Amino acid sequence: MRHLLTTAGLRRETVTALLDTAEALKQALLGRQVRKLPTLRGRTVVTLFYESSTRTRASFEIAGKWMSADVVNVPAGGSSVAKGESLRDTALTLTAMGADCVVIRHPASGAAHRLAGWVPTHVVNAGDGTHQHPTQALLDAATLRERLGTLNGRTVTIVGDVLHSRVARSNIELLITLGARVHLVAPPTLLPWGVQNWGSGPHREEWEEHSRPVTVGHDLDAALPGTDAVMMLRVQAERMHGGFFPSTREYSVSYGLTEARLGLLPEHAVVLHPGPMRRGMEIAHSVADSPRAVITDQVRNGVHVRMAVLYHLLAAQEEQA
Ligand code: CP
């Protein structure tokens, strides 16, 4: 694997190898007071973030540091980007200084792909516009695998602002690859056109023989009893230039995960949210803090998954050689 830009087209074996490595790293660090592995000593990871982030940026930094890499954080706000420097010049400048891997978040869909064509280093997409956020989907899969055992044959219901969500796009592709069914529940205004046909990865034909892997609905109450996991999405107000729903209250009434709705889920089902959450709108306070919610597990697994991604990009091939 040279870059990680998207979950679309990733083969099941590749995903399983990444998730297994994340699990092995988690076990290797369990109970250790000094969480430091020598795996990436002498390697330099640069995080280049043109959009705000708490979880993704911090966990890539922790992941790199726990594997002894040198990690340099370049927020666009405090860099020469603010003076008008282009993405290409910024990236070439950072790689000329010796970066082995650039982790990029950018508001433009496709930015990570463009970058991968310009620089000689490994590139990881940490979120590009409304397009993809592959490490989020991988950490969600790691959390679901941990809680449900397998994703094969499971149903995951994704709720909310699918239209603007790179998390939803990445998850749909990855979940289908791992054999899960995806049911999308959203207001009609927040569902992209043709979303039922998403998930055109290498394992699509296996699905076509049986049924469609992606279904769509607008009734959350009807969907919950048949779901193994419900993934609430953030309503991305910063990407909305118009009225997509009448009011936050109306959104919450139809699509918020309330205590009463939590009761409609099967006993074993879990609740995910990629964060940051809008409590009281997308998800009730009591639901976010309930034992059914695996939101802090997602964050915790995010570090191990990002360690696994950096390991596979920067060290695995060398170790095999
Ligand atoms: N889930 C996620 O990408 O969170 P951040 O924006 O805090 O990185």
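I take buried to mean under 20% relative accessible area, exposed over 50%, and partly exposed in between (1.4 Å probe, protein chains only). I am working on a predicted model, where local features need pLDDT of at least 70, side-chain atom pairs count only at pLDDT 80 or more, and totals for chains, interfaces and linings use all residues. I number residues from 1 along each chain as its sequence is written, and side-chain values use heavy atoms, with hydrogens and water left out.

**Entry 1, salt bridges.** I count a side-chain nitrogen of Lys or Arg within 4 Å of a carboxyl oxygen of Asp or Glu. My search of the whole structure gave 11 salt bridges. I looked up Asp289 and Arg279, whose side chains meet at 2.9 Å, N to O. Asp289 is in the loop between helix H11 (285-288) and H12, and Arg279 is in the loop between strand E9 (270-272) and H11, so the pair ties together parts 10 residues apart in sequence. Helices (H or I, at least four residues) and strands (E, at least two) are DSSP runs, numbered from the N terminus. Asp289 is exposed at 53% relative accessibility, while Arg279 is partly exposed at 35%.

Asp221 sits in helix H8 (residues 220-223) and Arg261 in helix H10 (residues 259-262), so the pair links parts that are 40 residues apart in sequence. I noted Asp221 as partly exposed, at 35%, and Arg261 as buried, at 11%.

I pair rings of Phe, Tyr and Trp (its six-membered ring) if their centres lie within 6.5 Å; planes under 30 degrees apart count as stacked, over 60 as edge-to-face and the rest as tilted. I get one aromatic pair by this rule. The ring centres of Tyr251 and Tyr255 are 5.7 Å apart and the planes stand at 45 degrees, so the pair is tilted. Both residues lie in helix H9 (residues 248-255), four residues apart, about one turn of the helix. Tyr251 is buried at 2%, and Tyr255 is buried at 9%.

I checked its span against 1.5 Å times one less than its number of residues. The 20 residues of H12 (residues 295-314) should span 28 Å, and the end C-alpha atoms are 29 Å apart, which agrees. I also looked up its bend, the angle between axes fitted to the seven residues ending at a residue and the seven starting there. H12 bends by about 25 degrees at Gly302. I find 17 of its 20 residues buried, so H12 is largely enclosed by the rest of the structure.
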